[in-house]
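This briefing goes through one protein model by topic. Please have the sequence and the coordinates open while reading.

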Amino acid sequence: MAAANTAKKFQDEVTCPICLEYFNDPVSLDCDHSFCRTCITQCWGGVTADVSCPQCRRTFAQGNLRPDRKLRSFVDMARELQLQAGKEPAPERLCEKHQEPLKLFSREDEIPICVVYDRSKGSQGHNLIPAEEAAEEFQERLQAQLKTLRAEREKLLGLKVSREKTSQKYLKQTQVERQKIVAEFQQLRQFLEEQERLLLAQLKKLDKELVRLQIDTVTKLSEQISRLSERIRELEGKCQKPASEFLQDVRSTLSSCEKVRAQQPEEMAPELEERVRGFSQKVTALSESLREFKDTLPAALEKALTAHRPASVTLDPDTVHPQLVLSEDGKRVRLGNTRQPRPDIRERFDTVSCVLGREGFTSGRHYWEVEVGDGQYWAVGVARESVKRKGWISLSPKGGIWAVGWWWGQFRALTDPATPLPLSPPSRIRVCLDCDWGQVTFIDAAAKAPIFTFPPGSLPGQSIRPWIWVGGTNTELRLSS
């Protein structure tokens with residue numbers, strides 16, 4: 001039996017996983033999986049961009065095909081052993097009961113029998129033919145089946161190539177759309193930054209002119225005030241003199257007083273005043289445009305999210321933490337006072353009080369809603385299928401979790417480190433999952449306002465499941481679609 005198992009393992013090692021035949025010109029990929037050169041080339045279907053391994057799905061450049069000479073020598077050894085085995089006559093099988101060669105075949109029982117059994121009463125009336133003749137007959141039938149199976153395999157291989165091409169086509173399309181979005185927002189940012197620099201530069205220049213005007217005005221007024229103060233002191237001294245001296249040149253003194261008038265400062269230049277007014281109007285118009293843009297953004301976001309389809313989500317009792325209490329319909333969950341008697345299976349969380357949804361999503365756009373009410377210590381979002389279940393886990397993308405939550409009086413996005421959100425948590429949160437883009441968005445379900453988005457490419461290309469964490473005894477979360 002051990003020798004048979006060893007032979008089987010050796011046979012598997014020299015067999016191509018695509019064509020299921022001995023390797024022909026074997027090549028290895030960067031992930032160390034091997035295939036026939038022709039098989040892997042046909043599987044990729046002439047794709048020039050990055051390709052993936054049919055076994056582990058790891059992606060890399062198509063040109064990384066390394067000839068596997070050691071594997072080729074093993075294939076040659078396997079072929080030689082098979083050839084030698086074919087040359088050696090197989091030992092003739094004997095009847096276990098009579099120890100006679102199995103020369104005949106019973107059509108009724110579909111088993112080989114010996115001549116002794118043929119002469120016994122048990123075989124009377126059976127349709128018996130020579131074993132060689134029966135072998136030829138069944139060989140033909142098996143060959144026909146093999147032909148059908150090989151044709152089916154070729155059909156599936158062609159379908160696989162077609163699906164790979166379709167996937168690559170859609171991936172290229174999503175990449176193009178991603179580049180468009182990045183470019184559009186980059187241009188918008190550049191435009192706004194340029195407008196900001198321009199307006200601030202104009203405002204700085206205007207400030208300088210206003211400061212200059214202010215300095216000139218203050219300087220002139222100060223000089224006039226100084227002259228008037230000096231004249232006042234002279235007149236006050238004149239008035240204190242005796243009458244005979246006071247009356248001398250009194251007429252010229254009065255005449256000189258009438259000539260001393262306070263000169264009014266120049267008004268702001270009309271063109272400068274017009275510039276200030278025009279700048280104020282420009283800022284007002286820009287503010288209105290930005291306000292209109294912000295007002296229309298939620299509507300545009302809601303329109304973009306209409307492509308998400310509602311998903312009927314229920315919570316998986318096989319994953320629920322023992323201290324969480326799950327409703328019978330799998331729609332509500334809360335933290336109990338004691339641990340529930342649940343079997344310790346590998347799917348169950350045993351340290352962090354969280355639970356996964358039953359449903360796993362690998363493609364398309366989906367959304368569901370979670371009512372959090374006014375509860376405390378909770379988090380809602382998504383997690384990858386392979387998220388760690390035992391021991392402490394990182395509640396962040398590093399740990400395979402993308403979510404928002406509320407604890408210690410603060411609403412946060414579970415990034416690494418956590419990102420405080422500048423708003424209070426809504427009573428109902430919509431979780432929008434886009435598997436094709438690898439992103440998840442959280443929306444205030446009542447106000448239709450965005451909360452937080454993990455950008456495209458954040459989520460891995462594997463099954464994603466809804467995820468809930470409950471940390472407060474007075475908190476109950478309810479799922480709705």
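Which residue in β8 is the bridge partner of Leu104? The partner of Leu104 in that strand is Pro130. The model is a predicted one. The protein contains 8 helices and 22 strands, and buried residues account for 30% of its 481 residues.

**Overall figures**

- The accessible surface of the protein is about 31400 Å², and 53% of that surface belongs to carbon and sulfur atoms.
- Of the contacts between residues at least 6 apart in sequence, 59% join residues at least 24 apart.
- Across the whole structure, 14 salt bridges are found.

**The sheet with β6, β7 and β8**

- Three strands make up an open sheet in the order β7-β6-β8, and the pairing is antiparallel.
- β7 (111-113) and β8 (128-130) are the edge strands, each of them pairing on one side only.
- On average, neighbouring strands in this sheet are turned by 40 degrees against each other, with direction ignored.
- β6 (residues 104-106) and β8 run antiparallel and are joined by 3 bridges.

- Strand β15 (residues 401-407) and strand β16 (residues 410-413) run antiparallel, with 4 bridges between them.
- Trp406 has Phe411 of β16 as its bridge partner.
- The hairpin of β15 and β16 has 2 residues between the strands, and Trp408 in the turn has a positive phi of about 50 degrees.
- β16 is also joined by 2 bridges to β17 (residues 419-420), again in an antiparallel arrangement.
- Here Arg412 has Pro420 of β17 as its bridge partner, and the hairpin from β16 to β17 passes through 5 residues.

**Nonpolar cores**

- The largest nonpolar core comprises 37 residues, and Trp368, Val380, Val404, Ile468 and Leu477 have the most contacts inside it.
- Beyond its neighbours within four places in sequence, Trp368 is in contact with residues including Ala311, Val313, Phe361, Ile429, Arg430, Val431, Pro466 and Leu479.
- Another core lies apart from the largest one and has 21 residues, among them Cys31, Ile40, Trp44 and Leu71.

**A buried loop residue**

- Thr475 is located in the loop between β21 (464-470) and β22 (476-480).
- Thr475 counts as buried because its relative accessibility is 2%, under the 20% cut-off.
- Not counting residues up to four places away in sequence, Thr475 touches Val333, Arg334, Leu335, Gly375, Gln376, Trp378 and Val470.

**Salt bridges**

- Arg428 forms a salt bridge with Glu369, with 2.7 Å between the closest N and O atoms.
- This pair links distant parts of the chain, since Arg428 is in strand β18 (residues 428-434) and Glu369 is in strand β13 (residues 365-371), 59 residues apart.
- Arg428 is partly exposed at 27% relative accessible area, whereas Glu369 is buried at 7%.
- The side chains of Arg430 and Glu369 also meet in a salt bridge, at 3.0 Å from N to O.
- Arg430 lies in β18 and Glu369 in β13, so this pair ties together parts that are 61 residues apart in sequence.
- Both Arg430 and Glu369 are buried.
- Glu347 and Arg346 meet through their side chains in a salt bridge of 3.9 Å, N to O.
- In that pair, Glu347 is partly exposed at 29% relative accessibility, while Arg346 is exposed at 68%.

Note on methods: Residues numbered from 1 in each chain as written. Predicted model: local features only at pLDDT ≥ 70, side-chain atom pairs only at ≥ 80, totals over all residues. Heavy atoms only, no water. Pairing = 2+ DSSP bridges. Axes fitted to C-alpha atoms, helices over the stretch in contact; angles between N-to-C directions. Buried < 20%, exposed > 50% of the residue type's maximum accessible area, 1.4 Å probe, protein only. Contact = heavy atoms within 4.5 Å. Core = buried A, V, L, I, M, F, W, Y, C linked by side-chain atoms within 4.5 Å. Areas by Shrake-Rupley, 256 points an atom, 1.4 Å probe, with all protein chains shown as cover. Salt bridge = Lys/Arg side-chain N within 4 Å of Asp/Glu carboxyl O.
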